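Colleague: Hi! Could you walk me through this one?
Modeller: Happy to, let me put it up on the screen.

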Amino acid sequence: MAEATLAELCILAASEAFRGNGEIVATGVGPVPRTAAGLAKLTHTPELMMTDGECYLVEQPVPIGPRAYDDRKPAGYLPFSRFFDSAVWTRRRHAMVTPTQLDRFGQINLSYMGGTHAQPKVQMLGVRGFPGNSIYHPNSFFFPVHSKRVFVEGEVDMISGAGYNPAKRKAGGNFSGIDLRRIVTNLCVMDFGGADNAVRVISLHPGVTFDQVQDATGFELELADDVAQTPVPDAETLAIIATLDPHNVRSKVIKDNPPATGAAG
Amino acid sequence: MLDKRMTAADIVGQIESGMTIGIGGWGPRRKPMALVRELLRSDVTDLTVVAYGGADVGMLCAAGKVKKVIFAFVSLDAIPLEPWFRKAREAGGIDVLEMDEGMFQWGLKAAAFDLPFLPTRVGLGTDLAELGGFKTITSPYADGETLIAMPAIPLDIALIHVNRSDWRGNVQVFGPDVYYDEWFAKAAKRAFVSCEELVDRIEDHYPDDAQSNLFERCFVTGVVEVPGGAHPTSMPPHYGWDMAALKQYAAAAREPGDWTSVADQFVDESEDAYMKRNGGWEAVAKLPLPIF
C-alpha cells in the first residue's frame, strides 16, 4: 500500500468534524469535504444523512467523478425547496465549505474582494446560503492552501457568514445557532476553542510547526495545551477513501500531491 | 383567456423597460433561455432581474439590459464565477440587492402572499442587512427577538421553463429538482412559461403525471412551446447542460470580451437560427445529463 497523501490525511481529519453528529445532513462541498463526510458515514457515524450531491438522500455515499448516472440509489428526497425547510432552518445540518476568506472571528467571505459592494475589484459567487447556514447550524471549513490570503488580517471584505464578532451582534438577536467547529488546512487542524472563541490549533500535521502555521495566518492563533499530531490514515481508511474517490480527484487538491508526512516541505 | 398560447415574441412584447422580472431555474439549470434570448433581441432595457442566477443574468448584464440584479449567487456551477456578470459588476454601474438563498425564497413567498415582509433570523451577523437596507423588527411576543424583516420581492413578470404544458397552462415539471419555480410564478403579476412539449388536453394524454403539476394554471398567463428552450442550461430528463457551449460563452468574456462581437453566437437573429448554430434540436436532445 502506497504511503498516505496529505490530501488523504486532510480527509481523515475533516471526517472527524462529523463524528457523533447524529441524524443530520452532512454536506461536504468540494472533493476533500465530500469524501470526508462519506468516510465519517461509512466508519464512525453511520446515522449521518447525506445527499447525492443533487437532491436525493442516499444511505450509500455517492463516489465523486464520472460513473453511470443511475448508480445513485435514492433513499429519500431533499430538493432545494426542502433543504431550507428540513435541514438548514431546523438546524439539522453540518456543512463543510471552502470560503475565500476567513477572519479571527470565524466570519467568512464568498461574495467579493477589494473595492466596494457597488463596484467590487473581484466579484465572486455571492453570499449563497452562508448567512442562513452560519446562523442556524454547525459549519466547518477546509482550505487546501493555508495562507494570509485566506486567513486575513483584520476582517473579511464582506461578511457573508456570521461568526463570533461581538460588534456584529445586534441587540435582541438570537445568535445561539452560530456553531463553528473545525478548520482543516494543508498544515493543521484548528477549532474555535480559544479565549472568546479565538481560533486555536488543535493538531499539527506531521513535520509542521506552530510557528509555520502562525506565519501563514493573518491573525494571532492560540495553541491548544494538548496539541497533537494529526493522525495519518491507515490502510483500511485509505481503502475506503479510494472507494469514495475512485478517480483520485483528491490528488489534484493540494499542489504536487505531497505525502502525509511531507507537509513541512 | 383560457387559450394561453402565445409566441415568444408576444411574451417578450409584454415586458417593458424598467420592469422587475423573475427568472426561474437555478445557476445553469432549467433556465428559460429561449425567452431570455428573445428578450436579448428586444429593445427592452433598465430591467431589475431577480434570479438564482446563471447565464441568464450574465447575458442580460452583458447586453446592457440590466439596471439591478437581486441575487444570492450567479454561477455556472462547473464554471463557478459567471464571467459576464463578474465583468459587469467589476465595471460598476449595476445596482444589486444581495441576499441569502433562503431569504430569497422568503421574499418571493412574501410577495406571493401579498405580505410586506416575512421575519427571519437569516442575515443577522453578516453585512447583508446594512448593504441591502434590510430593516429589523422586534417580535411582539414574549421572546422579544430581533429579526430581519425580509421584504417581499414582487415581480412584474416571471419567466419559467417547464417540461410540458397544455394550452390552458396546466404544467408538468419533471427532473429531480424543480428549485423555486413555483414561487416565481406566484410572486409575479404575470408568469409566462415556455415548455419542451405542448399538448392539447393534458388530462387526456398524461393523467398519470398529475403530481408533477408544480403550480396551478391560474398562475400562468401565457405559454409557448420551445423544444430545447433551456439550452445551454440543463433540462432533465430531456437533456443536460451544454458544457462546451458554456465554456465558449465563458471564454468569450475574456477574448475579445465585447458582447456585441459575440452576441450572435449566443443569441442569433432567431431561435431557429440559434438552434441551427448549436447543431439543431437533435444535438441538444443528446446532451448527457450531468452527474454530481
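Colleague: How much area do chain A and chain B bury between them?
Modeller: About 4200 Å², and 56% of that lies on carbon and sulfur atoms. Bear in mind that this is a predicted model.

Colleague: Why give an area at all?
Modeller: Because the size of an interface is often stated as the accessible area lost when the parts come together.

Colleague: OK, and how many residues are in contact?
Modeller: On chain A there are 54, and they are in contact with 47 residues of chain B.

Colleague: What about salt bridges across the interface, how many are there?
Modeller: Three are found between chain A and chain B. One salt bridge joins the side chains of Lys168(A) and Asp127(B), at 3.0 Å from N to O.

Colleague: And how many residue pairs are in polar contact?
Modeller: The count between the two chains is 23, with both residues of each pair at pLDDT 80 or more.

Colleague: Which elements of chain A give two or more residues to the side that touches chain B?
Modeller: Those are α3 (80–88), β8 (120–123) and α4 (130–136). The largest share comes from α4(A), with five residues.

Colleague: How does that side of chain A divide by residue type?
Modeller: You get 25 nonpolar, 17 polar and twelve charged residues there.

Colleague: Switching topic, what does the predictor say about confidence in the complex?
Modeller: It gives an ipTM of 0.94 and a pTM of 0.96. For chain B, the mean pLDDT is 97, and 100% of the residues reach 70 or more.

Terms used
Residues are numbered from 1 along each chain as its sequence is written. Chains are lettered from A and ligands numbered from 1 in the order in which they are written. Side-chain values use heavy atoms; hydrogens and water are left out. pLDDT is the predictor's confidence in each residue, from 0 to 100. Contact means heavy atoms within 4.5 Å. Buried area is the accessible area (1.4 Å probe) that two parts lose on being put together, summed over both. A salt bridge is a side-chain nitrogen of Lys or Arg within 4 Å of a carboxyl oxygen of Asp or Glu. A polar contact is a pair of N or O atoms within 3.5 Å; within protein, one must be able to donate a hydrogen and the other to accept it, and residues adjacent in sequence count only if both atoms are side-chain atoms. Helices (H or I, at least four residues) and strands (E, at least two) are DSSP runs, numbered from the N terminus. Ala, Val, Leu, Ile, Met, Phe, Trp, Tyr, Cys and Pro count as nonpolar, Asp, Glu, Lys and Arg as charged, and the others, Gly among them, as polar.
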